[in-house]
Amino acid sequence: MPETVIQTSTRVPEDAIFAATVEAGDSFVHEILQGQFVRIVDLEGNQAVDTLFYNAHNYADRYSAQDTIREQGNIYLTTGTKLISTERNVLLTIVADTCGRHDTLGGACATESNMVRYALEKRSMHACRQSFLKGALDWSKRTGHELDKRDLTANINFFMNVPVTPTGKLTFEDGVSDAGKYVELQAEMDTLIVISNCPQLNNPCNAYNPTPVRVLIWDAK
Amino acid sequence: MNQSILWEETLHGSSTWSHVLKRGTALRIEAIEDNSNVGAIFLNADNPSERLNLPDTLKAQHIARLTTGAVLYSDMGRILCSITDDTLGWHDPLGGCSDARLVEKKYGKSTYQEAKNNWHQNALDGFLIEMAKYGLNSRDLMMNVNFFSKVEVAEDGGLQFIPNHSSVGDAVELRAEMNTLVILNTCQHPMDSTAEYALKPVKLTIKKVEAPGADDVCRNFRPENGRGFTITERYFL
């Protein structure tokens, strides 16, 4: 297990301009403007928060897992990680992280992949890509900006532990997070954040008990 | 095994190629120089909103490398292509693709006007131009595979490109389980540590192959793949 670096933030909830609780199985879509800080808090511990980011002015320019891990030379995301877009822009930077590392290779659960991974009968269980689609479709309807299945790409799983070994194995392990741990990012440009608070009941990514998370936003100072 | 070659061709270095690989046919890619790289993306030709999903592919099979037995999953739980043969043991699903800025920074500027068809090209533009021929754009581009390349992940998560991984004669074979739009690009791997811009052609062979039986190496690679084949077979019923 690699050493993790813990970086706390000085921002306090009382100063936040926005705060919302996202229950497990729900989606959350919001614009984070350049300079603003967004914090995601794992309220009860071991919760996976599947997250996508887009350039708020051009959704075709969005978070790219491969470009992000290649540019930093490491598969785990933590303080200092720059989230790189498909057009090689820096969308946001992780500025604080009390968990220590986050996954971007495990993707988001889906009803279809649950059939492959667990059993054909699992199709009717709730999954992240249902929430992503619901969030995207509602956002499109509300704003008139096109956002649909084509825009759902490889995401970040905040607080999720997906180790890869030097021999090329990939596994899902118990979370490294705990109640109250958080990750905080500063937007380097105007971005759209799309969250699915993971409802997965079939693997240890949520400790088999999906729980709520809190999203807070601060203005740049 | 009953196989018949439909055609063979050479894909030049730093070039892009596409073909709708029909269910029941296979594509063999063979290195004709050392240290090749073939970037690849895969989409359902009959409905391109369904495409290769590398996170689903890796987590369903508990792998961070691709070799014989592994299959390429779409976001719909179906198998686009299976890796039925491989001489290398490791193809890279992590490193992504080069872009114009990276290629110019590493190898310098080289325009078509000066260098004609030896000009410096990059994989991202190659993919996007080829995708546009099918009415697709950057919204349809997800993570790509890099055949013939190896990027190792250290205990601490560090990524390292392994040089001199592939040699002349190395080959990988992909059997289409669906009608799959395959787009290939032979630009160098974005993490390639060699200092020179290099053109590395590969040989492509398209052939007819038998449907995967009960004893198929890919079907039996993982219990997950047995279910993946069932879901894919149902799509064609």
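Helices (H or I, at least four residues) and strands (E, at least two) are DSSP runs, numbered from the N terminus. This is a predicted model, where local features need pLDDT of at least 70, side-chain atom pairs count only at pLDDT 80 or more, and totals for chains, interfaces and linings use all residues. Residues are numbered from 1 along each chain as its sequence is written, while chains are lettered from A and ligands numbered from 1 in the order in which they are written.

View 1. The C-alpha trace of chain B spans about 55 × 40 × 35 Å along its principal axes. Of its 237 residues, 52% count as buried (20 or more other C-beta atoms, placed from the backbone, within 10 Å of a residue's own).

**View 2. Here chain B touches chain A, with 44 residues from chain B and 35 residues from chain A in the contact.** Two residues are in contact if their C-beta atoms, placed from the backbone, lie within 7 Å. On the chain B side, helix 1 (54-61), strand 8 (151-153) and helix 5 (223-235) each supply at least two residues. Helix 1 of chain B gives the most, with six residues.

**View 3. Six strands of chain A form an open sheet in the order 1-11-3-9-7-6, with antiparallel pairing.** Strands pair if DSSP finds at least two bridges between them. Strand 1 (18-22) and strand 6 (82-84) of chain A stand at the edges with a single partner strand each, so one side of each has no neighbour in the sheet.

**View 4. Strand 6 of chain A meets strand 7 (residues 90-97) of chain A through three bridges.** These two strands run antiparallel. Look for A:Ile84, which stands opposite A:Val90 in strand 7 of chain A.

Notes:
Buried ≥ 20, exposed ≤ 12 C-beta atoms within 10 Å, placed from the backbone.
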